[in-house]
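I am starting a notebook on a structure that is new to me. The entries below note what I looked up, item by item.

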Amino acid sequence: MKHILALALCTASLSIYAQDHGLEKDIAAVESKVIEWRRDMHQHPELSNREFKTAEKIAAHLKSLGIEVQTGVAHTGVVGLLKGDHPGKVVALRADIDALPVTERNDLPFKSEAKSEYLGEEVGVMHACGHDTHIAIMMGTAEILAKNKDKIHGTVKFIFQPAEEGAPPGEEGGAELMVKEGVLDNPKVDAIYGLHIGSYLPVGHIAYKPGGAMAAAQRFVVTVKGKQSHGSQPWGGIDPIFVASKIVDGYQSIISRELELTKEAAVITVGKISGGVRNNIIPESAELIGTIRTLDYDMQKQVNDRMKEMAENIAKAYRAEATVEIAKGVPITYNDPDLTATSLPSLQEVAGAENVHLIKAITGAEDFSFYQENIPGFFYVLGGKDPNAGPDEHFPHHTPDFKIDDSGLQLGVKAMTEIALDYLDRSK
C-alpha cells in the first residue's frame, strides 16, 4: 500500500520531479542519426561476447563526444563516463548490444545477412530482440547529454553491455561479469535505468511495473539412467525415454497443482529431449533440458526442491535413476518501488500520462537484474510496434520475422535523457 500511495502522489505532483530541460530541438535533431545507427547495427549484428565491431562503433562515438571511455569490460563491453558541470550523484544507463543466432526472413532493406558460428554450427545472426534499438537510443542519449553538460548535476555512466542473451558455454559474460569487474564502482553508481523495446507495444507507449517486473530464469538438466535393450523386447531393459516422459508430465503438476499462482506466475518448460540412436534400440539414458521462470524466491525454492524430488521418485517407481541439475541463472528483475515511483513522472512527462501503463509481470527474463541486486534500478518497456500494423503483423521477440518501427526510437531518447536528468536533479 505504501508504494501504491507513493505512485499516486508522484503522479499528482508530476511537476515536482519532471522538469522541462529544453532539449526538444536537440532530441529532434539527433533522431535521423539514431535511426541510421540502429539500421547499421541491425545490418551488422554480432553474437554474445563477440560484439567486436559493435563495440568499436560505440566507443568511437562516445570518444567523439568527449566522453571518457573504457573498453574491453566483460570482454566486449563499453563504458562511458560523462561528468556534468555541477556536483551530484552518479546515475547509470544501460543498453545491451548482442544479437541472436537467428536467420532473418523479413523484407527490410537493412536486413541482416550476417553469418557466424554457434555451438559448432554456422548460423544466421539477427538482432531479433531489439538490442540494436537499445544501442542507438543510448548513443543518441549520450550525444544529447554531452551537449548539455551544464544541465547535469552529477555524473552519467553509460553501460553498453555484451552477452545479455547469455555467454557461450564455458565463458562468463553479461551483466553478472560487468558487476564482477566493477562497472558499478569508480565512481560508485547510485541508481541505474534500462529499457527494452517491445514489438507488442505500440510506438508512443511505455509500460512499467514496480517490484518483480520480469522473472528469474534457471536452466535445468534432468538425466535419466535406464537399461539398454532391444526395441522389440522392452521387458529386457528399463526405458529411460518412457521415464523422461513421465517426468515431463509430472513437472506440469507442480505448476498447476502445487504453486499459489494467485501470488505470482511460474513456468516450467522442457525445451529439449534427447536419447537413443536408432528406432529399434531402447537407450541407456535420456536427457531433458529446460527453463524455470519464477517471480518469487520462495516459489523458486519450492519449484527447485519439488523438481528434484519428483524426478528422483518417478524414476525410482520405474526402476530407473534420475539426477537433476539446476543452474543459479538470472535473478528476478526487481524494480525498486521508490525509484519507480519517483521516476514515473519523468516517463509521463515525455510520453503523456495516458500512454504510460502499469502492467503485470513478464515471465521473460533480463540480466539487468544483476545490477538491481546491488543498487536500486528501474527497467521499463518502450513501444516499438507500428501503430498502423494489423494484429497479424506483430512478430514476437527471438523470431526470424521480428520487426521494430523506427519511429519509436525518438521517445526512447527522450525518456532516457529526461529520466537521468530528473534523477540527478532530485538528488542534488
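**Annotated domain**

I looked up the UniProt record first. An unreviewed entry there carries the annotation "domain: Peptidase M20 dimerisation" for residues 219-318. I am working with a predicted model. In it, the end C-alpha atoms of residues 219-318 are 25 Å apart, and the span is 40% helix and 30% strand.

**Helices α3 and α5**

I turned next to helix α3 (residues 24-43) and helix α5 (residues 131-147), whose axes come within 8 Å and cross at roughly 145°. The crossing of α3 past α5 is right-handed. I then listed the residues that meet. On the α3 side they are D26, I27, V30, K33, V34, W37, R38, M41 and H42, and on the α5 side D132, T133, I135, A136, I137, M139, G140, E143, I144 and K147. Sorted by class, this contact has 10 nonpolar, 3 polar and 6 charged residues.

**A salt bridge from α3**

I counted 19 salt bridges in the model. One of them joins R39 to D406, with 2.7 Å between the closest N and O atoms. R39 lies in helix α3 and D406 in the loop between β18 (377-385) and α11 (409-427), so this pair ties together parts that are 367 residues apart in sequence.

**Hairpin β4-β5**

I also checked how strand β4 (residues 115-118) and strand β5 (residues 121-124) pair: the sense is antiparallel, over 4 bridges. E117 stands opposite E122 in β5. The two strands, β4 and β5, form a hairpin with 2 residues between them. In the turn I noted L119, which has a positive phi of about 55°.

Note on methods:
Residues numbered from 1 in each chain as written. Predicted model: local features only at pLDDT ≥ 70, side-chain atom pairs only at ≥ 80, totals over all residues. Heavy atoms only, no water. Axes fitted to C-alpha atoms, helices over the stretch in contact; angles between N-to-C directions. Left-handed = near helix turned anticlockwise from the far one by under 90°. Contact = heavy atoms within 4.5 Å. Nonpolar A, V, L, I, M, F, W, Y, C, P; charged D, E, K, R; others polar. Pairing = 2+ DSSP bridges. UniProt positions renumbered as here; feature names shortened; annotations may be inferred. Salt bridge = Lys/Arg side-chain N within 4 Å of Asp/Glu carboxyl O.
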